[in-house]
Structure formats: structure tokens, C-alpha cells
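Let's take a friendly walk through a protein model, one group of residues at a time. Keep the 3D view open as you read.

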Amino acid sequence: MAIEWESVIGLEVHLQLKTGTKVWCGCSADYDNSAPNTHTCPICLGHPGALPKLNRKVAEYGVKAALALNCRINNESRFDRKNYFYPDLTKGYQITQFDVPYAEEGHIDVKLNSGKESRIGITRIQIEEDTGKSIHAGEESFINYNRASMPLIEIISDPDIRSSEEAYEYLNLLKTSVKYTGISDVSMELGSLRCDANISVRPKGEEKYGTRVEVKNLNSFKAVARAIDYEIGRQIEEIENGGTIHQETRLWDDESQVTRLMRSKEEAMDYRYFPEPDLGVLYISDELIDNIKKEMPESKIEKVKRFIEDYGLSEYDSNILCDEIELGNYFETAAKISGNSKTTANWIITEVLRVLKDSQKSIEEFEISPEDLGEIVKLIGNGSISGKIAKKVFEIKLTDKRSPEEIVKAEGLAQVADEGAIEAMVDEVLANNGKLVEDYHNADEGRKPRVLKGLIGQVMKASRGKANPQMVTDLLTKKL
């Protein structure tokens, strides 16, 4: 009988915090936009005798992340030294939290396409520092220490994930939850979010975990999902062929879509952890936690619920609009101007997101302001332009700084609402489309609306889309 296998997955996510200065010193955290090795000092370069001091903002941002991810925050936590040697690690050790992290026991609730819901536990969140950046060019390597001691938090999940889809949804929700707090860019492209996956397999129903393999070099959430699927398949095939899975670190080769051996996996004892002697206990008071709770912005879950209740939107549309906090804010501003939240939501989901996808831009870079989009929707609502003309105004507005109202006037796009003018067009269409008129009178009640729609289309074509659609419909129905 064939064995039914189960995968066990845990994710380690490193997030750079968007503080103005580094975690242990006053050096600028804007490391990417400066000449190499200019944002450094004796502390972040690890000079003997230079003492670190914790950036208070790092602790406050860490609390925000922990609250967003439903964690318990420890009043007291400690720092440790993780010892290993690599050129981009200036001190020869990394300051992190090993024995007592500042936050533990959180969770994220994910919902899959099948409708299945599951809770993914978060073991711990710890404060630590980033390394410098190595740049390899042929036979030479260069190191930029501007990134050394950038503040990080590491978010370690429980081994609760059972599929690549669960991992993908977990990462998306984690990213959204943290981004709503404003503490990080959470961008894999910018390097402010990095993820490693720990993967093992075991026969379904067995309690004991299999040997885990860590996979690194994952540059997108889709790459995480693909690497997990590949590694699950590789491990199962290896075991079924009589082989053994070894605890090791592997790299994901995105071009070949395979994992490759990097090194045998280190254990905690290999790092010779010991308490950091230059930093005292990190004490986070209940008062500070309560004050930060009051400052916490609305979460995505809360925003979705409010959009459904206040704007009458569907859960599906609300989830799309709230996926990025900036997109939700864009909608609210536009809806306030337009006075029609549902039509505004439809325009953003269909037209705005289409343009953003095609141009690979974010909503912050979008050429049409929320106020101008709201004005376009408002012009449809008050009968100044038709929906078809509104799309033309929208396209013009992508490269034109004039207001929507100015574009309508200057381009002669105002809707025709003169009953006499529309009636003349209706009469002409009826006279030139005898077959359609005959079909309308001979059609049953189910087919009549379709024939009428064809006649309406002819009138709108004759008016170049400018005739008031409702007046066209009413006059045609009356004359027919």
C-alpha cells in the first residue's frame, strides 16, 4: 500500500524596520541611496570598545508588529550573541535574541481558495541586526557596510503550514498586516522582507517530524511556493527510493526551478550563543504597550468590515480594495468626491488596477489622483457624461493635467440630454433598421430586451456615445 505523505513547513521572515537610524547607533538607515561605506561608525563596524545602545524606535516598532500579529509581548527580554564568521558580519557575531525574545505565541488566520480556514501559529518575534552587503563580480568580491546593523525583526512561524498555498497566503497576510502599521516597506524587491522556508515530510498521521531542510534565496512569494512544492517532491522521491534526507541548507535556483545544496545545516550549538554583555535587559512596560495599542492604525480585517458596513460593498470587492492600505485610502478619497461608493469601487477594480498592472506601477505612482477619479464618477452620476465617454476622459486624464470637467468641455464630450436631438436620432435609427424593429415586435418577452439593446447601441453609435442612455431607452421603448 502506497504511503500517503504530509508536508510540514515553517517560515522564517526577516523584516527591516523603517527607522531613521540603525539599531545600535545613530548612523542613517538610508543605506541604499548613498555611496558605499559612508553610513558607518565604530559601533556598526564592530571596532573594539565601541558599545551598542538600542534605538528606542526599534522597540516601539517591534511592539506594533507583535500587536498586528496577535503576539504576547514579554515585559522583559534579553539580547544574545550569535557567533559566526563571514566578511559582511563586521563584529564576527550578530546581536539577536535567543533565550528570551520580546514577543511570542502569535498567529495568523488564513483562508484558502477551497474555503478551508486554518490558524498558523507564530512561535516568536525577535529583534536583531542586519549584515553588510556582499557584491560579487567575477573573481572579486566587494562589501558595502552601509546595511550593517540595520534594524530587523525575525518572525518565526510554528511548523503548522501544510502546503505551498497555505505558505503563500500566510506570507501575504503577514505582509499586509505589517504594512498597515507603517513600520516597514515589506518589499522583497527592496530587500526589506526576506524569507527562508524549513520543509520536511512524514507519513500522514505520524506525530514525529521528518528531517527538515532549510531553503534560502527566495526572492518572491511565488518562488517560496514553487520551492516548497519542488522540495516536497524531492524529499518524497528520495525516501521512496531508499535514500535519506539530511539536515542541510539548500538554495532555490529560480531559473532551473530546483533547489541545490549549499551547506550542511548548523545547529544552535554551532553558533555558541551567549548573553550579550554590552546590552542590559529590554524592559517593555504595560504602559508603553497600552499607549502603542491606542496609536495602532486600523487593520485590514477591520477596514474590510467597515467597507462592507459603511459603503455597502461586497466582501470580495472590499478585500481587493483593502489589500494595500494605500489603495483603500485612494478609494475612500475618491468615493467621498463621487458620492457613489459602489461605482467608484468598480472603476478602481476594473480600470485603475488594469492600468497599474499594465504599467507595473503602485497606486502611489498612479497618474490620476483619487479626487479626479471621484470627479469622473460624479460626472457620470449627474448625467454630464455617459459611462462610455467617462472611459475616454479616463484615458485622456492619464497624460493630461486638466481636470475631468475641463477635458469634457474642451473636447466636446458633454452628454446630449436634449430630448428633441435624441428623438431625431431615435427616429433615424428606427427608420434605417426595419429588420430589428420587426424582430422586436415578433420576439417573445425573454428576447425583447436583447433586441432593444441592439437598437440602443445603434443610437449611441450615432451620437458617438454622448446621448443620455436612459433617455434613449425611454424614447425607443415608447416609440416601439
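## A methionine in a loop

Met-188 counts as buried because its relative accessibility is 14%, and buried means under 20%. Please keep in mind that this is a predicted model. You can find Met-188 in the loop between helix H2 (164–181) and strand E11 (193–203). Which residues is Met-188 in contact with, leaving aside its neighbours within four places in sequence? They are Leu-193, Cys-195, Leu-218, Asn-219, Ser-220 and Phe-221. Take Leu-218 from that group: 30 residues separate Met-188 and Leu-218 in sequence, while their C-alpha atoms are 9.0 Å apart in space.

## Stepping back to the whole chain

The chain is divided into domain 1 (5–290), domain 2 (298–410) and domain 3 (419–479). Between the C-alpha centres of domain 2 and domain 3 there is a distance of 31 Å.

Now try finding a hairpin. Strand E8 (residues 133–137) pairs with strand E9 (residues 140–144) in the antiparallel sense, over 5 bridges. Look for Ile-135, which stands opposite Phe-142 in E9. The hairpin has 2 residues between its strands, and Gly-138 takes a positive phi near 65° there.

## Charged partners

Side chains of opposite charge can pair when their charged atoms come close. The structure holds 36 salt bridges, and the table shows some of them.

| Salt bridge | Closest N and O atoms |
|---|---|
| Glu-214 with Lys-216 | 3.7 Å |
| Arg-260 with Asp-253 | 3.0 Å |
| Glu-351 with Lys-391 | 3.9 Å |

Arg-260 is partly exposed at 43% relative accessibility, and Asp-253 is partly exposed at 21%.

Glu-351 and Lys-391 form a salt bridge. This pair links distant parts of the chain, with Glu-351 in helix H8 (residues 341–359) and Lys-391 in helix H10 (residues 387–397), 40 residues apart. Is Glu-351 buried or exposed? Glu-351 counts as buried, at 12% relative accessibility, whereas Lys-391 is partly exposed, with a relative accessible area of 45%. Elsewhere, salt bridges that share partners join Glu-231, Arg-234, Glu-248 and Arg-250 into one network.

## Rings that meet

In one of them, the ring centres of Trp-24 and Phe-79 are 5.4 Å apart and the planes meet at 85°, so the pair is edge-to-face. This pair also links distant parts of the chain, 55 residues apart: Trp-24 is in the loop between strand E1 (5–16) and helix H1 (56–68), and Phe-79 is in the loop between strand E3 (76–77) and strand E4 (80–83). Both Trp-24 and Phe-79 are buried.

Tyr-230 and Trp-252 make a tilted aromatic pair, with 6.3 Å centre to centre and 55° between the planes. Because Tyr-230 lies in helix H3 (residues 221–240) and Trp-252 in strand E13 (residues 248–253), the pair ties together parts that are 22 residues apart in sequence. Tyr-230 is partly exposed, with a relative accessible area of 29%, while Trp-252 is buried, with a relative accessible area of 2%.

Finally, look for the cluster in which ring pairs link Tyr-84, Phe-98, Tyr-271 and Tyr-273. Over the face of Tyr-271 lies Lys-82, at 4.4 Å from the ring centre.

Note on methods. Residues are numbered from 1 along each chain as its sequence is written. This is a predicted model: local features need pLDDT of at least 70, side-chain atom pairs count only at pLDDT 80 or more; totals for chains, interfaces and linings use all residues. Side-chain values use heavy atoms; hydrogens and water are left out. Domain bounds come from an automatic or database domain assignment. Two strands pair if DSSP finds at least two bridges between them. Helices (H or I, at least four residues) and strands (E, at least two) are DSSP runs, numbered from the N terminus. A salt bridge is a side-chain nitrogen of Lys or Arg within 4 Å of a carboxyl oxygen of Asp or Glu. Buried means under 20% relative accessible area, exposed over 50%, partly exposed in between (1.4 Å probe, protein chains only). Contact means heavy atoms within 4.5 Å. Rings of Phe, Tyr and Trp (its six-membered ring) pair if their centres lie within 6.5 Å; planes under 30 degrees apart count as stacked, over 60 as edge-to-face and the rest as tilted. A charge sits over a ring if NZ of Lys or CZ of Arg is within 6 Å of the ring centre and within 35 degrees of the ring normal.
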